[in-house]
Structure formats: C-alpha cells, structure tokens
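This report covers charged side chains and how they pair. Start with the structure below.

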Amino acid sequence: TPIYSSVYDRSHSNLVHLTATLSIHNISPKKSIIVDLVDYYDTNGKFIRSFVDQPFQLGPLETRDFVIPALDLQGGTGANCLVEWEAPYPVAVPIIESVMISADNQQGISFVSRGKEIEPH
C-alpha cells in the first residue's frame, strides 16, 4: 500500500508533511484472518520498521490502524507498507488502505490510497 509521508507543493523543494494512517479491514462478516506482517519501507525501498512483533487475529468486520505521524519523515514521498495475511479457509480479501492528511496554515490536504494484492512468485 502506498504511504505518502510528504507530498510536493508548488515545487520540488517545497514539501507538505502528512500524517498517514494504514488501515487493514477484515471485510468478512463471519470469519477471522491472521495478519502476519505489517512492514514500512521508504521511497528507496529500504526497510524502516515493522509495526507488529507477532501475528495477530483480525476478527469479522474488525479493522486495525497503524499511524505514521507527520513529524516522521523517514518514508518520504513514495513510501510503502507491505501487509501479509492468511486464513485457513476461504475468506474475502481484506481492504487495505492508507489515508493521508495535513491541515497546516489554513490549508487542508487529504487523500486515500488503496493497496494492491501481490501474489507470491
């Protein structure tokens, strides 16, 4: 899922810093999923950190959020979060989105980026 810690405003030298929230939505009304990994990478693909120490269960219709504060500039303008999940039975693919927002100097910016499922090769 793309995560934008910063976006350009008016020129390549002027950045607006954003708070980003990564949300993992289990959209199954009856079945849980297991989230194994939530890792954060910077614009250059360098690993920054993992948001989880161990796998966790996400119950039916449950959502888990992970926040990257606006003052955390490590990700840059093209960061990504990699989420790995599993289920021992057929289940709907969770919705994984990031919401970025800034409201400085009487100007508000907000947008959403939806994750894309990557199949192992």
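## Terms and model

Buried means under 20% relative accessible area, exposed means over 50%, and partly exposed lies in between (1.4 Å probe, protein chains only). This is a predicted model: local features need pLDDT of at least 70, side-chain atom pairs count only at pLDDT 80 or more, and totals for chains, interfaces and linings use all residues. Residues are numbered from 1 along each chain as its sequence is written, and side-chain values use heavy atoms, with hydrogens and water left out.

## Salt bridges

Side chains of opposite charge can pair when their charged atoms come close. A salt bridge here is a side-chain nitrogen of Lys or Arg within 4 Å of a carboxyl oxygen of Asp or Glu. That rule gives two salt bridges.

## Arginine 49 and aspartate 72

Arginine 49 and aspartate 72 form a salt bridge through their side chains, at 2.8 Å from N to O. Arginine 49 sits in strand 6 (residues 47-50), and aspartate 72 in the loop between strand 8 (63-68) and strand 9 (79-86). They are 23 residues apart. Strands (E, at least two residues) are DSSP runs, numbered from the N terminus.

Aspartate 72 counts as buried because its relative accessibility is 12%. Arginine 49, at 23%, counts as partly exposed.

## Arginine 114 and glutamate 97

The side chains of arginine 114 and glutamate 97 form a salt bridge at 3.1 Å, N to O. Arginine 114 is in strand 11 (residues 107-114) and glutamate 97 in strand 10, so the pair ties together parts 17 residues apart in sequence. Strand 10 spans residues 95-104.

Glutamate 97 is buried, at 18% relative accessibility. Beyond its neighbours within four places in sequence, glutamate 97 has contacts (heavy atoms within 4.5 Å) that include Thr1, His25 and Arg114.

Terms used
Helices (H or I, at least four residues) and strands (E, at least two) are DSSP runs, numbered from the N terminus.
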